[in-house]
Amino acid sequence: MRAVRVHEHGGLEVLKIEEIPTPEPGPGEVRVRVAWSALNHLDTWVRRGVEGHKFPLPITPGCDFSGVVDALGAGVSGIEAGQRVAVAPGFGCGSCRRCASGEHNLCARYGIYGETTDGGNAEFAVVRAENLLPVPDGFPLDLAAAFPLTFLTAWHMVVTRCGVQPGDRVLVHAAGSGVSVAATQIARLHGARVFVTAGSDEKVARGIENGAEAGCNYREEDWSKAVKAWAGRDGLDIIVDHVGKDTLPKGIWLLARGGRVVTCGVTSGAQMELHFAPLFFKTLAILGSTMGGLGELKRIADLVFSGVLQPIVDSRFAL
């Protein structure tokens, strides 16, 4: 089969389309004929490399993908060849107390397809049977590949970690990113009000189309002042942050009493100066978040397949 392979970290030139053996599913696994594979920020980190983190090279990237079940491994039941599926990108060991509780993302051996083992940038991919999300007939497979990682990440941040409530004032940074698109929709679904930031007027406008009440272009105005004017003197209840150094230190000062900032990444830098006085004076919380559990993703899938949540695809390309 053809597959995209990364043998060493670097620029786009390290992505190689190669012929490799078609994988065979083992016990409890299935082989999926891939129809679509989404591009996430995680895929770019796998290609570029992350200081202090070792990836199992060579690797086939692609953490989000959809397709049709092609072959079943021993012991797999309740699934048929030809079934249309999307793939839950994360998996645990399956036997620890975290996995038993549905908190696969907290398993000490948690992995992600395309990061810790081969993913979906190939004609075929082998995955665990429990990671399949059946896709209803008529639902586009490209959209089915576009939501699992980003919507799961955002759901765990906004709902599970922050406990969003109706009327909450929520700031979502980087409105054009996959996680932020999902976070905006999820916050609105729960009755919250949302303000977005982005690096262009076009992205701000698209963020508002996506459900935000208001937004600002941080390249043209002071986003912290714009947010303060929007939220009022009480401040923000929740900040969804995956930018880091450029946003988190200012954001702390914008939170209301009992406010929460949740972060799943630090694209602008991880090392920063943070003023801790507001944390205890206003009983604030800084929450880390990575991915989420399979139970959460199945709930999200129901909402996506019923049209309540809507993944957005910017561009489509052939392999």
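Reader: In what order do the 5 strands of the open sheet run?

Author: In this predicted model, the order is β8-β3-β4-β5-β9, with antiparallel pairing. The edges are formed by β8 (124–128) and β9 (132–134), each of which pairs on one side only.

Reader: And what does the twist average from one strand to the next?

Author: The average is 45 degrees.

Reader: How many bridges join β4 to β5?

Author: There are 3 bridges between strand β4 (residues 65–72) and strand β5 (residues 84–87), and the two run antiparallel. Within this pairing, Val68 stands opposite Arg84 of β5.

Reader: Turning to confidence, which element has the highest mean pLDDT, and which the lowest?

Author: Strand β5 has the highest mean, at 98, whereas helix α9 (residues 277–281) has the lowest, at 85. The chain as a whole averages 93, and 100% of its residues score at least 70.

Reader: Which residue of β13 does Val170 stand opposite?

Author: Val170 stands opposite Ile238 in β13.

Reader: What about Leu236: which residue in β14 is its bridge partner?

Author: The bridge partner of Leu236 in β14 is Leu255.

Methods. Residues are numbered from 1 along each chain as its sequence is written. This is a predicted model: local features need pLDDT of at least 70, side-chain atom pairs count only at pLDDT 80 or more; totals for chains, interfaces and linings use all residues. Side-chain values use heavy atoms; hydrogens and water are left out. Two strands pair if DSSP finds at least two bridges between them. Helices (H or I, at least four residues) and strands (E, at least two) are DSSP runs, numbered from the N terminus. Axes are lines fitted to C-alpha atoms, for helices over the stretch in contact, and angles run from 0 to 180 degrees between N-to-C directions. pLDDT is the predictor's confidence in each residue, from 0 to 100.
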